[in-house]
Amino acid sequence: MQFDTSSLIPVLPEIFILSAACLILVVDLFLKEEQRVISYGMTLISLLLAIIVTLMTSPDETRIVFDGSVVRDGMADILKIAIFIISAGAFLYSKDYLRDRDLFKGEYYVLGLFAILGMMVMISANSFLTVYLGVELLALSFYALVAFNRDSTGGAEAAMKYFVLGALASGMLLYGISMIYGSTGSIEFQAISAGLTNPDVNKIVLVFGLVFVVIGMAFKFGAVPFHMWVPDVYEGAPTAVVTLLGSAPKIAAFALAIRMLVDGLGGLHGDWQYMLVILSILSMGVGNVIAIAQGNIKRMLAYSTISHVGFILLGILAGTSTGYTAAMFYTIVYAIMALGAFGIVMLLSRRGFEAENLDDYKGLNERSPWFAGMMLLVMFSMAGVPPTVGFFAKMVVLEAVISVDMTWLALVGVFFSIIGAFYYLRIVKLMYFDKPVDETPLIAGMDTQIALSVNGLSMLVLGMFPAGLLSLCAAAFG
C-alpha cells in the first residue's frame, strides 16, 4: 500500500475529534473539582471547530481513501455536522444536571467524544471492517456512559443488559459479514455490489448473510423485535447520557443502513425491502401501543423512539433517492426532537429529584409558561401535528412510500401515527389542564434556557420553512 498524505485530508474531522478527546483526557487529569468547567468548555469548542474543519475539507466530489475503506461525500458531511450540533446541545443541557449529582467529570466528555468518533467512522464507512470498528467504538463508549453513575444500581443493570445484547448483535453482524465475504470475496461495498451481478455467486448464502446484517443494523436502530434494550437503558441511565444516546446515534444508524444496504447490497433490494417492511410495521405498532401504558416519561420516550425508527425504515425501504432523502430528513428532525424532549426532562430535574414520572409535568404551564410552550412544540412535532416539522417529516416519508406503490404501508403508518398522538397529547394535557404537584421554581443557566428555546422554536421554524434542510438532504443523494 503506497501511503499518500493527501489521503488524510478526507479524514481530518475524525483525526481532529480523536485529538480533542485525547487532549481533554490529559488536561482533565490536572484539573481540580471546581475547574471541571474547563473540560466542558473544551468539548464544546472542539465540536464547534469540528464543524469548521468538516466544512473546510469538504470535497467537491466523492472521495474514497485507505484502499476503499473510507468514503467522504455530501451525505457524510451533512450527517457529521448534524451530529456535532446535536451532541453540543446534549452536552450543554447536561452541565447543570451532572453538577447536581456530582457526576460533572471529564470522563463524561471524553467518552462522549469517543462515541461521536465512532458515529463518524460509521458514517464514512465504505467497507464492513470500517463499519464494525465504528459500531464497536460507539457501543463501548456508551456501555461505560450508561453505568456512569456508580451509585445507581439501575444504571449498572441497564449497562449490563445493553452490553450483553450489544455483544449478541455484534456477533450476528460479524456472522453476516463473514457470509457475504465468503460469497463475494470482498468486504468493500463497491466490490460487493459488483460481485452481486456475478451469476456464480451463491444466492442462498448471500441472503442468509443479509439477514444477519439486517439484524445487527436493527439492533443499532432499536427496531422491533431487537428493541429489548431501549426502554431499560433509557430508564436506568442518567438522563444526561440518554439525551446523547437517544439522539445522535440514530443519525449514525441511518448512515449505517444506507452504506450497507444501498451502497453494498443494493442488488438485493428485493430481499431486504420486505425485511424492512416487517421491522417497520412491528416498530410502529409495538412502539406506539406500548408507549400508551408507560407512566415513566423516559420509558415513554424510549417506545416513542422505537415508533419513529419505524418511520425512518419506511423511507429506506422505498429504495429510491426520494425515499432516502425523506428518511435522512426524518432522522435529523427526530434527533432534534429527542434532544428537546430530554432537555426539558433535565430542566425539571434537580438535586435529589428526577422528573421521570408523568405526574411531574402536571401544571408546568403555571410554573413556567415559556418552557411549557417549548415542550408543547416538541410534543406536537413528535405527534406530527401541523405546522410543526414532525408533520412535514412524516408527510415526505409517506409520500416516498406511496410513490413506489405501497399505499397500504403508508396507511399503516398513518394509523399508528394517530394512535401515537394520544400519549404525546397526554403530556400537553397534564402541563396545561392539571394542577401542579410540585411548586418548585425551575432553575437553569442562561445558556441552557437559550439553547432550549432555540431547540423548541426550531420545531416551528423548520416546519414552516423545511425547504433548506430538505434540499441539503436531497443534495446528498443527487
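Modeller: Gladly, and please keep in mind that this is a predicted model.

Colleague: Why is Leu-138 called buried?

Modeller: The relative accessible area of Leu-138 is 7%, and buried means under 20%, so Leu-138 is classed as buried.

Colleague: What is Leu-138 in contact with, once its neighbours within four places in sequence are left aside?

Modeller: Leu-138 is in contact with Ala-115, Gly-118, Met-119, Met-122 and Pro-249, where contact means heavy atoms within 4.5 Å. Two of these partners, Met-122 and Pro-249, also join Leu-138 in lining the largest cavity, which holds about 120 Å³ of space.

Colleague: Which elements give two or more residues to the lining of that largest cavity?

Modeller: They are α5, α8 (203–221) and α11 (248–264).

Colleague: What makes the lining of the largest cavity nonpolar or charged, by class?

Modeller: It has 10 nonpolar, no polar and two charged residues; Lys counts as charged, and Lys-220 and Lys-250 are among the lining residues.

Colleague: How is the lining of the second largest cavity divided?

Modeller: That cavity, with a volume of about 60 Å³, has seven nonpolar, five polar and one charged residue in its lining, and the largest share, five residues, comes from α18.

Colleague: Which residues have the most contacts inside the largest nonpolar core?

Modeller: In this core of 177 residues, they include Phe-142, Phe-221 and Met-379, while helix α14 (residues 321–348) gives the most to the core, with 21 residues.

Note on methods
Residues are numbered from 1 along each chain as its sequence is written. This is a predicted model: local features need pLDDT of at least 70, side-chain atom pairs count only at pLDDT 80 or more; totals for chains, interfaces and linings use all residues. Side-chain values use heavy atoms; hydrogens and water are left out. Buried means under 20% relative accessible area, exposed over 50%, partly exposed in between (1.4 Å probe, protein chains only). A nonpolar core is a set of buried Ala, Val, Leu, Ile, Met, Phe, Trp, Tyr and Cys residues joined through side-chain atoms within 4.5 Å. Helices (H or I, at least four residues) and strands (E, at least two) are DSSP runs, numbered from the N terminus. On a 1 Å grid over the protein atoms alone, a cavity is a set of points where a 1.4 Å probe fits but cannot get out, and a pocket is an open set with protein on both sides within 12 Å along at least five of seven lines; lining residues have an atom within 4 Å of a point. Grid points are joined across faces, edges and corners, and a volume is the space filled by probe spheres set on the points.
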